[in-house]
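Here is a short tour of a protein model, written for someone new to reading structures. Keep the 3D view open and follow along.

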Amino acid sequence: MAADNETITCSFDFSEALDFDPELAALMRRRSPARIRLPYGAADAWLVTGFDAVKQVTIDPRFSRAGVIGHDYPRMTPEPIVSPESINVVDPPHSSRVRHLASQAFIQQHVDEMRQRIVWLTDRLLDGMEKEGAPADVVRHLSEKLPQHAVLDLLGVEREDWPRIQASVLQLLVVGAGNKEAAAKAKAEVTEYFAGLVARRRTSPGPDLISAMAAAREGEEQLDDRELAVMALTLALSGQDTATCQISNITYLLLTRPELMGHLRRRPESITDVLHELLRWIPFRKGVGIPRVALEDVELEGARIKAGDFVHVSYLTANRDPERYPDPHEIDLDRPTAPHMTFGWGGHRCIAMPLAMAELEVAIGRLVERFPGLRLAVEPQELRWDTKTIRRFPLELPVAW
């Protein structure tokens with residue numbers, strides 16, 4: 001184990017199925033912030049791992065996301081994924097206005113309306129899988145397509161534009177050093193595309209998320225065109241990222257742990273609680289996300305963090321904190337419900353979480369219901385896993401039924 005004041009170089013490139021990264025596990029055991037160096041960026045950073053400490057950093061105004069803009073901050077990808085205008089790098093209270101307005105598109109009534117569309121999309125995709133016959137790849141038929149199709153459909157993107165938007169967004173998630181220029185170009189192209197779509201929705205609104213966000217009001221306040229375009233990019237990125245990975249990861253767990261599948265078949269009404277426990281347990285990404293900057297000196301769990309220091313939090317380790325979750329490395333479907341950090345926390349918690357949960361509930365629920373004999377068509381050790389991006393998920397899930 002490194003000395004307390006030593007900077008630890010962290011590759012965070014572990015990709016063994018859904019095993020927990022041993023590098024992160026070792027940092028967890030320190031029980032205090034560690035100094036780390038990541039693959040990209042000109043500076044070191046602190047890494048905070050415990051649930052309560054992560055929670056503090058995410059809600060404490062002394063730690064600023066906006067402060068990273070203009071700096072070569074420590075990160076996992078060669079090109080920063082977020083745009084400077086993104087809500088992900090705007091601090092409260094300034095971000096509160098954007099979040100409050102945008103979140104009006106995800107109230108329960110809108111999500112219920114969107115769920116009907118998600119069910120229709122899911123059934124179409126599963127119809128195609130059933131028609132092709134076994135063995136069929138759940139990733140190709142469902143995981144890759146549903147979240148992408150759903151978010152682009154709900155944003156009002158024309159179907160003929162889906163392939164190029166998907167390709168550009170995927171480019172932002174690649175971690176190789178040679179991807180920097182391509183990622184910057186892709187981000188500019190997608191932002192420009194959504195700017196054009198926002199302009200059209202201002203004059204010709206429709207039943208889509210951009211129109212709903214454009215119509216959102218709080219007194220005289222509303223989102224401007226740039227804020228809407230960047231929010232659309234953020235949602236498109238989420239559609240290509242979290243839900244895609246998690247449909248695959250959850251399906252993998254159900255197929256390789258019969259007790260989980262059996263539970264869900266016996267108690268389909270428990271799907272929401274089951275999904276939250278699996279989401280807590282799954283190491284859904286590699287390493288860390290966007291850091292914060294300390295605006296003043298802060299004492300945190302025995303570490304003196306100085307003004308100007310970068311601070312990363314790990315939602316992965318927070319989700320495995322034994323002080324919050326007894327036997328945290330076990331999947332316990334009877335675990336008392338406790339909020340987890342898979343969708344973030346505090347001022348940057350994912351505003352589209354209701355949409356993501358609706359996608360997961362529909363995708364997993366319909367898959368389990370329609371294919372009662374669903375099983376892996378290969379041995380688990382034969383599966384290939386993503387190694388090129390910051391995500392953790394199987395590249396394929398051949399199944400029979």
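## A loop residue to start with

Let's begin with I69, which sits in the loop between β4 (63–64) and α3 (94–103). Helices (H or I, at least four residues) and strands (E, at least two) are DSSP runs, numbered from the N terminus. I69 has a relative accessibility of 35%, so it counts as partly exposed. I69 and P80 are 11 residues apart in sequence, and their C-alpha atoms are 9.9 Å apart in space.

A quick word on the ground rules. This is a predicted model, in which local features need pLDDT of at least 70 and side-chain atom pairs count only at pLDDT 80 or more, while totals for chains, interfaces and linings use all residues. Residues are numbered from 1 along each chain as its sequence is written, and side-chain values use heavy atoms, with hydrogens and water left out.

## The six-stranded sheet

Now look for the open sheet of six strands, which runs in the order β1-β2-β3-β9-β6-β4 with mixed pairing. β1 (7–9) and β4 are at the edges with a single partner strand each, so one side of each has no neighbour in the sheet. Two strands pair if DSSP finds at least two bridges between them.

Which way do the strands next to β3 run? Strand β2 (residues 34–37) is antiparallel to β3, with three bridges joining the two, and I36 has A45 as its bridge partner. Strand β9 (residues 310–313) is parallel to β3, again with three bridges. Here W46 is bridged to V311, and L47 stands opposite H312. On the β6 side, strand β6 (residues 292–294) is joined to β9 by two bridges and runs antiparallel to it; R292 partners V311, while V293 partners F310.

## Covered on both faces

β3 is covered on both faces: A45 and L47 are buried on one side, W46 and V48 on the other. Both faces of β9 are covered too, with F310 and H312 buried on one side and V311 and V313 on the other.

Is T49 buried or exposed? T49 is buried, because its relative accessible area is 5%. Beyond its neighbours within four places in sequence, T49 is in contact (heavy atoms within 4.5 Å) with L27, M28, V54, S314, T317 and A318.

## A nonpolar core and a covered helix

Next up is the largest nonpolar core, which has 132 residues, with L155 and F194 making the most contacts inside it. Helix α15 (residues 353–370) gives the largest share of this core, 10 residues. A nonpolar core is a set of buried Ala, Val, Leu, Ile, Met, Phe, Trp, Tyr and Cys residues joined through side-chain atoms within 4.5 Å. Not counting residues up to four places away in sequence, F194 touches L155, V157, I210, A229, A232, L233 and A236.

L155 also belongs to the buried residues of α6. After α6 comes G156, whose phi is positive, near 85°.

## The three-stranded sheet

There is also an open sheet of three strands, in the order β5-β11-β10, with antiparallel pairing. β5 (136–137) and β10 (375–376) stand at the edges with a single partner strand each, so one side of each lacks a neighbour in the sheet. Two bridges link β5 to strand β11 (residues 398–400), and A136 has V399 as its bridge partner.

Terms used: Buried means under 20% relative accessible area, exposed over 50%, partly exposed in between (1.4 Å probe, protein chains only).
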